[in-house]
Amino acid sequence: MTDTPAAVELSGVHKWYGDYHALRDVTLSVASGEKIVVCGPSGSGKSTMIRCVNRLEAHHRGHIRVGGVELTGDPKTIDATRREVGMVFQSFNLFPHLTILENCTLAQTWAKKVPQKVAQETAMRYLERVRIPEQAGKYPGQLSGGQQQRVAIARSLCMDPKVMLFDEPTSALDAEMVKEVLDIMVELAAEGMTMICVTHEMGFARQAADRVVFMDAGQILKVAPPGEFFAAPRHERTRQFLAQVLH
Ligand code: ADP
């Protein structure tokens, strides 16, 4: 058997914001094609952990490898990693002054030097996939939150990422729009994308996750397949958290 490197590997990762110890000895290995849901109370370090994976935040101790390549301060490695790792944020982060199509072509033409025409074809293909090709000529402000988040997913997919990170992608959305975004994420999961999703959508976790990670106070307290995670939350903090999110 060949030793394929993990898609994402964190080992003994620590991170501080000033004196505040935000990640404490975080170790997690995500195989290619695996879907991980990360949950836990607000402020537990979930966002910080995934932001370290594409170096939006720098870790201070330990190792992070993406596709076997260690993330250091080296700008070349950071650029290469960001090309492999797509990220979808809670607040969409689309450029308001660019059309939907331009939002989806910009990084392709700038970072990957893809010719404009090819970039537009790719963009339209992914806008169709997230079921909003008819919105291509509009501006983000003219779209609903759910539509904007679907554009953000399409924009990431245009870069042909190996791993997708989602940072609470539905928590800024009105309830009726949550499903349209989760449906796209479930489809993406079924197609074999490697995904790390910070979300409190436990229905999504049950449906799509291979493993659920529970974080508290900067630490990973539990990692388990959804069946086990929801059936027998042995740890008191996990129990308290689940009691809140599952009502
Ligand atoms: P979560 O995603 O679980 O809500 P975060 O990773 O956003 O948690 O934050 C973890 C902790 O780190 C929180 O206490 C938060 O206030 C703190 N924190 C996050 N980002 C920063 C920052 N840029 N500067 C200082 N503290 C931060």
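**Entry 1: a word I needed first**

Buried means under 20% relative accessible area, exposed means over 50%, and partly exposed is in between. I keep in mind that this is a predicted model.

**Entry 2: the aromatic pairs**

Next I asked how many aromatic pairs there are. The count comes to 2. I reminded myself that a pair of aromatic rings is described by the distance of the centres and the angle of the planes.

I then looked up where the two partners sit. Phe214 belongs to strand β9 (residues 211–216) and Phe241 to helix α9 (residues 236–245), so this pair ties together parts that are 27 residues apart in sequence.

Phe229 and Phe230 form an aromatic pair as well. Here I noted 5.3 Å centre to centre and 90° between the planes, which is edge-to-face.

Phe230 has a relative accessible area of 12%, and because the cut-off for buried is under 20%, Phe230 is buried.

Phe230 has one more neighbour worth a line in my notebook. The charged end of Arg206 sits over the ring of Phe230, at 4.2 Å from the ring centre.

**Entry 3: the ligand**

I turned to the ligand and listed what surrounds it. Among the residues there are Tyr17, Tyr20, Pro41, Ser42 and Gly43. The list also includes Ser44, Gly45, Lys46, Ser47 and Thr48.

Which helix gives the most to the shell around the ligand? I found that it is helix α1 (residues 46–53), with 3 residues.

A polar backbone atom of Ser44 is 3.0 Å from an oxygen atom of the ligand. For Gly45, the distance from a polar backbone atom to a ligand oxygen is 3.0 Å. For Ser47, I wrote down 2.8 Å between a polar backbone atom and an oxygen atom of the ligand.

How much of the ligand does the protein bury? Taken alone, the ligand exposes 570 Å², and the protein buries 59% of that.

**Entry 4: the sheet**

I followed an open sheet of 4 strands and found the order β2-β1-β4-β5, with antiparallel pairing. The edge strands are β2 (20–30) and β5 (69–70), and each of them pairs on one side only. A handy reminder for me: strands of a sheet pair through backbone hydrogen bonds, either parallel or antiparallel.

I picked one pairing to trace. Strand β1 (residues 8–17) is joined to β2 by 7 bridges, and the two run antiparallel. Within it, I found Val8 opposite Val30 of β2.

**Entry 5: two threonines**

Where does Thr199 lie? I found it in the loop between β8 (194–198) and α7 (202–208). Thr199 has 2% relative accessibility, so it counts as buried. A polar atom of the Thr199 side chain lies 3.0 Å from the backbone nitrogen of Glu201.

Thr122 has its place in helix α4 (residues 116–129). At 10% relative accessibility, Thr122 counts as buried. I also checked how far Thr122 is from Met202, which is 80 residues apart from it along the chain. Their C-alpha atoms are separated by 32 Å.

Terms used. Residues are numbered from 1 along each chain as its sequence is written. This is a predicted model: local features need pLDDT of at least 70, side-chain atom pairs count only at pLDDT 80 or more; totals for chains, interfaces and linings use all residues. Side-chain values use heavy atoms; hydrogens and water are left out. Two strands pair if DSSP finds at least two bridges between them. Rings of Phe, Tyr and Trp (its six-membered ring) pair if their centres lie within 6.5 Å; planes under 30 degrees apart count as stacked, over 60 as edge-to-face and the rest as tilted. Buried means under 20% relative accessible area, exposed over 50%, partly exposed in between (1.4 Å probe, protein chains only). A charge sits over a ring if NZ of Lys or CZ of Arg is within 6 Å of the ring centre and within 35 degrees of the ring normal. A residue is near a molecule or strand if one of its heavy atoms lies within 4 Å of it. A polar contact is a pair of N or O atoms within 3.5 Å; within protein, one must be able to donate a hydrogen and the other to accept it, and residues adjacent in sequence count only if both atoms are side-chain atoms. Accessible areas come from the Shrake-Rupley method with a 1.4 Å probe; for residues, only the protein chains shown count as cover.
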